[in-house]
Amino acid sequence: MSSAAEHPSPSVLPVTDAGPPVIAGLLLAAGGGRRLGGRPKALLPYRGRPLVENAVRVLREAGCDPVHVVLGASAAEVRERADLAGCVVVDNPDWPEGMGSSLRVGLASLAGTGAGAALVSLVDQPGIGPEAVARVRAAYRSPASLAAAAYDGERGHPVLFGADRWADITATATGDRGARIHLKNHADEVMLVECGDVAAAFDIDTPPDLARLA
C-alpha cells in the first residue's frame with residue numbers, strides 16, 4: 001500500500017500509442033438535502049451560482065474529461081437553473097435510495113466512452129478544489145487503479161476507480177454505502193494521496209454547515 005503522503009505528479013500519467021488515458025469526472029449531485037429541510041444540494045447557492053457548477057468547474061480544471069453529472073432531487077430545476085453545458089447529465093430516478101444508486105447510474109453512463117477510470121466527487125464538498133482532484137487523477141496507472149484522497153492519513157473524496165473495477169462496484173453499491181464495500185474488500189490496493197495541505201473535506205449536510213458556503 002502506498003504512503004498516504006505520496007503526491008503523484010501529473011507528469012507521470014502513462015502515455016500509450018493511443019494517447020494519454022481518458023479520466024472521466026463523475027459528479028454525484030442527486031442528494032435531496034433531507035437534513036437541510038429538503039433543499040437539493042446541487043442548487044445550494046455558492047458564490048452567486050448553484051453549488052453544482054463549482055463542482056463541475058473543479059473537475060474540469062483538474063483535467064477530467066468528459067464530466068458526467070448524476071442528478072436526482074429536483075433534477076428538472078437543476079437543469080434549468082445551473083449551467084451544465086458540455087457535461088453529460090444523467091438522471092437517477094432512484095436517488096432516494098442513497099448514493100449507491102447514483103454511483104451505479106453514473107458508472108453505467110460511462111460505459112462505452114473509452115474512459116480508463118472514473119474520478120468520483122461529491123457535489124457538497126466545496127472545500128476540495130482542483131489541486132486535490134488533480135493529485136488523485138495523477139494516481140492513475142491502469143484500468144485496475146484504485147486511489148483516494150486522504151486527509152491526515154484518513155481516506156476521503158475524491159476517489160478514482162479504474163474501469164476494470166466498475167462491474168464489481170456496480171454489483172456492491174447499495175444504499176448510502178456507495179463504493180465502501182469494494183474499498184473495504186480491496187483496502188490493501190488503495191493508493192492514498194494526501195491532500196490535507198491543499199483541501200478541506202467537509203460536507204454540507206446540516207443548517208450550520210451552510211455558513212461554510214458564505
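Predicted model: local features only at pLDDT ≥ 70, side-chain atom pairs only at ≥ 80, totals over all residues.
I started with the ring faces: arginine 212 lies over the face of phenylalanine 202, at 4.3 Å from the ring centre. My cut-off for a charge over a ring was NZ of Lys or CZ of Arg within 6 Å of the ring centre and within 35 degrees of the ring normal.

Residues are numbered from 1 along each chain as its sequence is written, and side-chain values use heavy atoms, with hydrogens and water left out.

Next I checked confidence (pLDDT, the predictor's own per-residue score from 0 to 100). The chain averages 91, and 91% of the residues score at least 70. Over residues 1-17 pLDDT stays under 50, and the model has 36 contacts beyond four places in sequence for them; contact means heavy atoms within 4.5 Å.

Then I went for the cores, meaning sets of buried Ala, Val, Leu, Ile, Met, Phe, Trp, Tyr and Cys residues joined through side-chain atoms within 4.5 Å, with buried being under 20% relative accessible area (1.4 Å probe, protein chains only). Which residues touch the most other members of the largest one? Leu27, Val52 and Val69 do, out of 37 residues. The largest share of this core, five residues, comes from α1, a DSSP run (helices are H or I, at least four residues, numbered from the N terminus). I also listed what valine 69 contacts beyond four places in sequence: among them Leu27, Val52 and Cys87. A second, separate core has 24 residues, including Phe161 and Trp166.

Conventions
Buried < 20%, exposed > 50% of the residue type's maximum accessible area, 1.4 Å probe, protein only. Helix = DSSP H or I, 4+ residues; strand = E, 2+ residues; numbered from the N terminus.
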